[in-house]
Amino acid sequence: MAGLLNDTLNSTPVLVILVLVIVWRLSAAFRRKSVLESLPVPSGAEFVWGHEKQVFMNEPGQAYRKWKSELGLTYRIKAAFGAPDILVLSDPVSIAYILQKKIYDYHHSRVVRPRVARLLGKGLGWVEGEAEHKRMRRLVRETLRLYPGLPYIERVATVPDSIPLGEPVKLSNGEVVSQIPVLPGQVVVIPCIAIHRMDSVWEDPDVFRPERWLKDLPASEKLCSGWANTLAFSDGPRNCVGYRLAIFQYKVILTYLLERFKFEDAGMDITLKIASSLQAWVKDRPELGGCLPVNVDLL
Ligand code: HEM
């Protein structure tokens, strides 16, 4: 047995691999970690799936909400299949930086912007009297706060950059930073649904309460600057181009239905899933597909 071990160790390829592994481990141990590598990371990463299984196996946003309450607004998670770690940002300052500030230079231009505004008016399209639909307005806002069609927005860095943070973050070495340097290829996730339900921002965040939109909103530095201070239609120059149409259709369809039908809860246990967009599913009835059964009566 000892002879066999000696033979194995004497063979040159094994020795070379052994030395390489030791050098790699030592260099990893002594190399100064980057800011990203020193960001807080939640426990419970799996070898193959990293943290991504928790994101997709739980209700949309649940995992991000749990990690945010444990680690704060900025942290990283392990990606599946050993891919580089993913940066998760719920900080309004960073989100504004990514979605608004830098993507088109014309956005900042004092010359081009007024010209575009003069040509196009308020935007590509708008609905007159929108401000008058007060009841519908709060219904739509509360619905899209709780159920944003796109629960997560992802971006990939294409150039080296430094993302500013509104709330500084403590690294594993104790240093506190308010910028996260990123390299090309870095994946960034903005968990909109978890951000819309942060209990540090919204009172009873999981409760459907349209009246909350009648009162003063939470402090503006805690909110994003997209439509209705949410990320339901993203934010900045690349936000949803169809958002006015979407809101208008939503109001027309809802008004039409509510005038003619009475809807009642069918008492089914509903869960949320992401199937390209956020969808309602009946718990334990996957054969029904995405659906929201309700009892309907003619008025
Ligand atoms: C309630 C309905 C809708 C919701 C919640 C919604 C949400 C969104 C969101 C969050 C984005 C940004 C995606 C990203 O950057 O990763 C987006 C982009 C977009 N949406 Fe919508 N949308 C809706 C309806 C519509 C409608 C009705 C249209 C067209 C008539 C439309 C056309 C687009 C287009 C073209 C983009 C890409 C914009 C770009 O990248 O420049 N959407 N939408």
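## Ligand shell

By class, the shell around the ligand holds eight nonpolar, three polar and one charged residues. Ala, Val, Leu, Ile, Met, Phe, Trp, Tyr, Cys and Pro count as nonpolar, Asp, Glu, Lys and Arg as charged, and the others, Gly among them, as polar. Members of the shell include Gly149, Leu150, Ile153, Phe233, Ser234 and Arg238.

## Model and fold

This is a predicted model: local features need pLDDT of at least 70, side-chain atom pairs count only at pLDDT 80 or more, and totals for chains, interfaces and linings use all residues. Residues are numbered from 1 along each chain as its sequence is written.

The chain has nine helices and 10 strands. These are DSSP runs, numbered from the N terminus: helices are H or I with at least four residues, strands E with at least two.

## Core

Of 299 residues, 20% are buried (20 or more other C-beta atoms within 10 Å of the residue's own; exposed means 12 or fewer, partly exposed in between; C-beta atoms are placed from the backbone). The largest nonpolar core has 33 residues. Such a core is a set of buried Ala, Val, Leu, Ile, Met, Phe, Trp, Tyr and Cys residues joined through C-beta atoms within 7 Å. Leu87 is among those with the most contacts inside it.

## Pro218

Pro218 sits in the loop between α8 (192–196) and α9 (243–260). Pro218 counts as partly exposed because it has 15 C-beta neighbours inside 10 Å. Its C-alpha atom is separated by 9.9 Å from that of Asn229, 11 residues apart along the chain.

Methods. A residue is near a molecule or strand if its C-beta atom, placed from the backbone, lies within 6 Å of it.
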